[in-house]
Amino acid sequence: MTKNITSVALALCMTLPLVGCLSSTAPRYAIDKHTYQAQGKNERIHFIVLHYTVGNNERSSKTLTTGNVSAHYLILNNDDDKIYNLVPDHERAWHAGAGGFAGRTVLNDTSIGIEIVNDGIAPQYRDALKNGALDYHPAEHYVEFNEIQIKKVAQLVQDLAKKYHIASTNIIGHSDMAPSRKIDPGAKFPWQRLYNEYGIGAWYDEFDKQFFMNQDEFAAATIPDIKQAFRDYGYQINDSNEWDKASRNVIYAFQLHFRPQQPTGVMDLETYAILKALNKKYGG
């Protein structure tokens, strides 16, 4: 038996160098990235989703780097001349969660997330909805973003939108894609200013809005008609024949983005006119 074991061991010792020799001399094949190029493809990134952190710099950076939540970029609220890249663009960050927009769900797979340090709702108003007197936070409950943050957001979003060919209507807030869960980046996020000064995102034309400020037309529009207009723009909304809470959450999210001075969750003439004007402009 000992003799047999010794023979096997000797055979293995003689064979292993040969295997190593074969491995080291196997041909290496070049990866040709230029001769053939497929046309059937698109970018992974279709959306930019903007958030606020509900915390200070220290808490926000710790949460986004050590917890089960992340974002591609973090913008602090001090003047440090930096935009922090926490996750490479080509990798998937955990920032969006359940929801959807423009017919797509699982937006973590198809978006870049930008977190901006901001308290969101001012501390004195955080319990304002608990007694049932209010259904939604009014504009004055939200906290302003500072000027350096706005400039950093503008630079970053301009660069990303150009690099990845992101449609204007796909630059959205967390609340736009998850209206029953989220309200960020809130009523104080300057969507209109970013559009006017930097060409970022989507905004309606005032002439079109005034054209659709027609009380008779609004009165004649059915709830299913209006809900379809929300879907045409990109919002996920149910098909119930009423303005239930889930539907009003969509209205509120829309108002936070496009009528932030008066977010109420109520479907009124001005909200209707803005929605119609956006669909006219962007082909919804």
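Axes here are lines fitted to C-alpha atoms, for helices over the stretch in contact, with angles running from 0 to 180 degrees between N-to-C directions. I need that for the helix pairs below.

**Ground rules.** I am working on a predicted model, where local features need pLDDT of at least 70, side-chain atom pairs count only at pLDDT 80 or more, and totals for chains, interfaces and linings use all residues. Residues are numbered from 1 along each chain as its sequence is written, and side-chain values use heavy atoms, with hydrogens and water left out.

**Entry: helix 3 against helix 5.** I began with helix packing. Two packed helices are described by the angle between their axes and the distance between the axes. Helix 3 (residues 147-164) packs on helix 5 (residues 191-198) at about 60°, and their axes are 11 Å apart. That angle makes helix 3 oblique to helix 5 (under 35 degrees is roughly parallel, over 145 roughly antiparallel, 65 to 115 roughly perpendicular, and the rest oblique).

Which residues of helix 3 meet helix 5? I find Glu147, Ile150, Lys151, Val153, Ala154 and Gln158 in helix 3 against Arg193, Leu194 and Tyr198 in helix 5, with contact meaning heavy atoms within 4.5 Å. By class, the contact of helix 3 with helix 5 has 5 nonpolar, 1 polar and 3 charged residues. My classes: Ala, Val, Leu, Ile, Met, Phe, Trp, Tyr, Cys and Pro are nonpolar, Asp, Glu, Lys and Arg are charged, and the others, Gly among them, are polar.

**Entry: helix 8 against helix 9.** Next I looked at helix 8 (residues 223-233) and helix 9 (residues 245-258), whose axes come within 12 Å and cross at roughly 50°. That makes helix 8 oblique to helix 9. The crossing of helix 8 and helix 9 is left-handed. Lys227, Phe230 and Tyr233 in helix 8 touch Ser247, Val250, Ile251, Phe254 and Phe258 in helix 9. I sorted the contact of helix 8 with helix 9 into 6 nonpolar, 1 polar and 1 charged residues.

Entry: What is the strand order of the open sheet? I read 3-2-6-1-7 for its 5 strands, with mixed pairing (two strands pair if DSSP finds at least two bridges between them). Strand 3 (84-85) and strand 7 (171-173) are the edge strands, each pairing on one side only.

I then went through the parallel pairs. Strand 1 (residues 47-52) runs parallel to strand 6 and is joined to it by 6 bridges. Along that pair, Ile48 has Ile112 as its bridge partner, Val49 stands opposite Gly113, and Tyr52 stands opposite Ile116. Strand 2 (residues 73-75) is also parallel to strand 6, over 3 bridges, and there Ile75 is the bridge partner of Ile116. Strand 1 pairs with strand 7 in the parallel sense over 3 bridges, with Ile48 opposite Ile171.

Entry: Are the residues of strand 6 buried or exposed? In strand 6 (residues 111-116), 6 of the 6 are buried, so the strand is largely enclosed by the rest of the structure. I use buried for under 20% relative accessible area, exposed for over 50%, and partly exposed for in between (1.4 Å probe, protein chains only). In a regular strand the side chains alternate between the two faces of the sheet. Ser111, Gly113 and Glu115 lie on one side of strand 6 and Ile112, Ile114 and Ile116 on the other, with both faces covered.

Strand 1 also has 6 of its 6 residues buried, so it is largely enclosed by the rest of the structure. Phe47, Val49 and His51 point one way from strand 1, and Ile48, Leu50 and Tyr52 the other way.

**Entry: Ile172.** This residue is in strand 7 and is buried at 1% relative accessible area. Ile172 touches, among others, Phe47, Phe101, Trp191 and His257, leaving aside residues up to four places away in sequence. Ile172 and Phe47 are 125 residues apart in sequence but 7.4 Å apart in space, C-alpha to C-alpha.

Entry: Most residues other than glycine have a negative phi, and most peptide bonds are trans. I noted Val54, with a positive phi near 55°, in the loop between strand 1 and helix 2 (57-66); Val54 is partly exposed at 33%. Asp81 has a positive phi of about 60°, sits in the loop between strand 2 and strand 3, and counts as exposed at 67%. The Asp184 to Pro185 peptide bond is cis, with omega near 10°, and Pro185 is in the loop between helix 4 (174-177) and helix 5.

Definitions and conventions:
Helix = DSSP H or I, 4+ residues; strand = E, 2+ residues; numbered from the N terminus. Left-handed = near helix turned anticlockwise from the far one by under 90°.
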